[in-house]
Amino acid sequence: MIKNDYIPFSSKILEVIKHTEIEFTFRMEYTADAKPGQFFEVSMPKYGEAPISISGIGENFVDLTIRKVGKVTDEVFEHYTGESLFLRGPYGNGFDVLDYESKEVIVVAGGTGLSPVRGVVEYFYNNPDKCESMTLISGFKSPDDILFSADLEKWKENMEVILTVDSAEEGSRYKTGLVTTYIPKLQIKDKNNVAVVVVGPPAMMRFSVKAFLDLGIAEENIWISQERKMCCGLGKCGHCKIGDVYVCLDGPVFNYVKGKELID
Amino acid sequence: MGYVLTTKQANEIFAELSTQYRLFAPKTFGNEGRYSDTGCVRYGEVTCVEDITFDKKSEYSFKEAILPVMQTLFYFTEREVTEPKVDDKKTMIFLRSCDIHAVKRLDEMYYKNGPKDYYYSLLRDNVKFVLIGCEQSFENCFCVSMGTNTTDHYDFSFCKAHDTYEINLKNTEFISLFEKVNASVMEVKVPFVTENDVKVQIPDGLKAKVTSSTIWDEYDSRCIACGRCNFVCPTCTCFTMQDMYYTDNGKVGERRRVWASCMVDGFTDVAGGGSYRKNYGQRMRFKLLHKVYDFKQRNGFHMCIGCGRCDDVCPEYISFSNCINKLPEALKEVDQL
């Protein structure tokens, strides 16, 4: 008998961490394997499923940072009882931190793009000797939109963290400007020993990658993660297909050598 | 082995088969056609040979017999999840050569692209295929160009010849069926189309770069994004998940999957308002390259089987085959860039 991959399992909500009015991290009970950059199909019966990337992994939990911007997520915010949600997954390839080890690691995240890469940043925060250096450029629309502020503060201990907002009131303590403003200013020791990870909205990824290519970073040293509407996560529903690639099976993380060929 | 059946014998065989199988075949549904006072030929359950429409191409394909338009995945009552019961009867599908090739495409997606699909397997694993021969090509068919005009992958063939039915038996498990009615044994040749009026040539060296060609632009205004081409296509496999609950008891409902179309608005919508391929021409490009380029890149053979149903059904008279034949021009254009 073939396994029925469509039946979700119930997972207990261990904790809800409220970042902003519309972005909560749900800490879900989960003990099997998972990698940063992979995703779960999260559902509440009656309202449907939504693909949500893993923003943190612990011994008995995974963190799912959910933004209240869609049909399903609206309902999750409205109706979660503090007890449980239904999950399927994890799906997708996720980030392979081994690809980045012993390199100058640069992570650029736009908005909620910080969720899927949070595990990568956390790995090098906990294992600083496994990389040459670690830099995080994290951009948000405004100071009110900042996610994981406690982490951003903590990570400063042993890595360079550039936290920027698109705009802020005068006199704000935050740097302003798009993430791309800060890319040309990066101090890179050896262009050939760099691993760049870019995650965020399409335009932000496009311009960030271009900025790194302009700096002379090779395509094979850049990774991106694609956001698409994955209905099934199993390579069947077709919503995430781009060219000969299914984002849910072959991605969402792509080395830019392949990633550049993905034309919607 | 070949047999020739009278109508009476054929119907005895249908009665016998119906005890074990649900028989799906092209049938004419009166006054359901796209023009006034016309019927619609699509798949439905049949119980006798007279139910089957042999002389026309079915407007919709066989695929709904194994890939229902709407399929319940499970029912939920509060925290309980229950799978729907499956019919014990097996399925037998009457279909043409091109459509048998389409089954291979569906299998590729549902058996091999990612994990094996549970619900597809439930219906597909027990299907028998009965080939309907093609005396001549229908309008818009281009099966010969796609190499789908002939096939050996069927259990038996069933072709109408004046007032008799000709059978070519491949699967010996059905021998007794024909012996029981004393069918006359005779050499039978299954008619296959050898030439179509419509021919396509997919250029060698086709590459993803044709995406940037301007040939797609005319479809921005010609196409109305109705998605009919996807719904009649025997090889389109996309679906969307839907949850619904029963209005008189909000705690009970079901999750189901429903056919989806890459031509229709909303297909690529992501939470927060983003979407991809807003222009209809780009959707045409996405669909066409999937059918004759990138499916092959991934799976080794073309997805399109050349049945031409998309051309038959398009309310804007857009021709898929005609668009395929513009690819050399598109390739030339992008190579000059």
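**Close-up 1. Contact between chain A and chain B in the predicted model.** Chain B brings 38 residues to this contact, and chain A brings 34 residues. On the side of chain B that touches chain A, the elements giving two or more residues are β4 (70-77), α2 (97-112), α3 (118-124), β11 (239-245) and α8 (280-299) of chain B. The largest share comes from β11(B), with six residues. By class, this side of chain B holds 19 nonpolar, eleven polar and eight charged residues.

**Close-up 2. The two domains of chain B.** Domain 1 covers 2-60 + 86-185, and domain 2 covers 208-236 + 262-336. Their centres, taken over C-alpha atoms, lie 29 Å apart. The contact between them uses 17 residues from domain 1 of chain B and 16 residues from domain 2 of chain B.

**Close-up 3. The side of domain 1 of chain B that touches domain 2 of chain B.** Here α2 and α4 (143-146) of chain B each supply at least two residues. The most come from α2(B), which gives seven residues. This side of domain 1 of chain B has eight nonpolar, four polar and five charged residues.

Close-up 4. B:Leu331 has 19 other C-beta atoms within 10 Å, so it counts as partly exposed; buried would take 20 or more. Not counting residues up to four places away in sequence, B:Leu331 touches B:Pro203, B:Leu206 and B:Val210. B:Lys207 is 124 residues from B:Leu331 in sequence, yet the two are 7.9 Å apart in space, C-alpha to C-alpha.

Technical notes: Residues are numbered from 1 along each chain as its sequence is written. Chains are lettered from A and ligands numbered from 1 in the order in which they are written. This is a predicted model: local features need pLDDT of at least 70, side-chain atom pairs count only at pLDDT 80 or more; totals for chains, interfaces and linings use all residues. Two residues are in contact if their C-beta atoms, placed from the backbone, lie within 7 Å. Helices (H or I, at least four residues) and strands (E, at least two) are DSSP runs, numbered from the N terminus. Ala, Val, Leu, Ile, Met, Phe, Trp, Tyr, Cys and Pro count as nonpolar, Asp, Glu, Lys and Arg as charged, and the others, Gly among them, as polar. A residue is buried if 20 or more other C-beta atoms lie within 10 Å of its own, exposed if 12 or fewer, and partly exposed in between; C-beta atoms are placed from the backbone. Domain bounds come from an automatic or database domain assignment.
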